[in-house]
Amino acid sequence: MNIEQLSKRLDAVYQYIPIQAVLADIGSDHAYLPCYAVQTGRAVRAIAGEVAEGPFQSALNQVIEADLSTKIDVRKGDGLAVISPGEVNCITIAGMGGALITRILEEGKDKLTEQTRLILQPNIGGNQVRKWLERNGWTIVNENILEEDEHIYEIICADFLKEKNERLTELEILMGPFLIKEKNQAFRQKWQGEKEQLVRVLQSLNLAKPSEETNEKKERIRHEINLIEEGLRQ
């Protein structure tokens, strides 16, 4: 069985997988991404990692059905615990929150080498992912943002570059250095929505009883609204 096509979200992740990759897809679910990457020749072999029994079995069944058991190893374990240092040169982590992605990367730092490409698709908290990447010596080399089924997804592609770029600004951490430059429709839609939500929270706080905590929260929200407006304006 061939997987004829991926969802828009997974296809956007797939586009950043280097040719001849040895891929680890963490939180692989049905293993669609590694199966497709191997079937198309983008990856020479792959590991599909899952921590929960149900998704692990789904991934295993998909790999068997696709007749790819000799090229894709389905492993059960938490995060990067399913791989050895240097075993792969590309890691994809898609469909999780930014906090969980950063935890997986932090706990599995010893599995990452300077040859590893990271392709990360946080459902929320892209700023947390960018902060972790910068703090740990990774450089964002490309990004994408798209809408699918009324959800907006960001994809962050990072390499370990010995020649470091300039540090990301607060605005680039929040909104993405490549995404700010392109400002496609999905980007504008996401951040206009985020701004409107923050404005509603601020209006609600303005009605609350004044306190030091409330004032600090209002200040933080105003600052973020200003950042978003700057990002949309640039």
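**Figure 1. Buried residues of helix α2.** Leu33, Pro34, Cys35, Tyr36, Ala37 and Val38 are the buried residues of α2, where buried means under 20% relative accessible area, exposed over 50%, and partly exposed in between, with a 1.4 Å probe and protein chains only. The model is predicted: local features need pLDDT of at least 70, side-chain atom pairs count only at pLDDT 80 or more, and totals for chains, interfaces and linings use all residues. Residues are numbered from 1 along each chain as its sequence is written, and side-chain values use heavy atoms, with hydrogens and water left out. Helix α2 spans residues 32-39, and because 6 of its 8 residues are buried, α2 is largely enclosed by the rest of the structure. The cover over these buried residues includes α1 (8-14), β1 (21-26), β2 (43-50), α3, β3 and β4 (90-96). Gly41 follows α2 and has a positive phi, near 85 degrees. Helices (H or I, at least four residues) and strands (E, at least two) are DSSP runs, numbered from the N terminus.

**Figure 2. The salt bridge between Lys76 and Glu53.** The closest N and O atoms of Lys76 and Glu53 are 2.6 Å apart; a salt bridge is a side-chain nitrogen of Lys or Arg within 4 Å of a carboxyl oxygen of Asp or Glu. Lys76 belongs to strand β3 (residues 72-76) and Glu53 to helix α3 (residues 53-65), so the pair ties together parts 23 residues apart in sequence. Both partners are partly exposed: Lys76 has 46% relative accessibility, and Glu53 has a relative accessible area of 39%.

**Figure 3. The salt bridge between Lys195 and Glu229.** The side chains of Lys195 and Glu229 meet at 3.2 Å, N to O. This pair links distant parts of the chain, with Lys195 in helix α8 (residues 185-207) and Glu229 in helix α9 (residues 212-233), 34 residues apart. Glu229 has a relative accessible area of 28% and is partly exposed.

Figure 4. Glu219 and Arg222 form a salt bridge at 3.4 Å, N to O. Both residues lie in helix α9, 3 residues apart, about one turn of the helix. Arg222 is partly exposed, at 33% relative accessibility. The whole structure holds 14 salt bridges.

**Figure 5. Glu107 in helix α4.** Glu107 is found in helix α4 (residues 98-107). With a relative accessible area of 55%, Glu107 is exposed. Its C-alpha atom is separated by 34 Å from that of Arg222, which is 115 residues away along the chain.

**Figure 6. The chain as context for the close-ups.** The chain has 9 helices and 7 strands. Its C-alpha atoms fill a box of roughly 65 × 40 × 30 Å along the principal axes. Buried residues account for 47% of the 234 residues. Of the contacts (heavy atoms within 4.5 Å) between residues at least 6 apart in sequence, 68% join residues at least 24 apart. The mean positions of the 29 positive and 37 negative charges are 4 Å apart; Lys and Arg count as positive and Asp and Glu as negative, while His and the chain ends are not counted. Each charge is placed at NZ of Lys, CZ of Arg, CG of Asp or CD of Glu.
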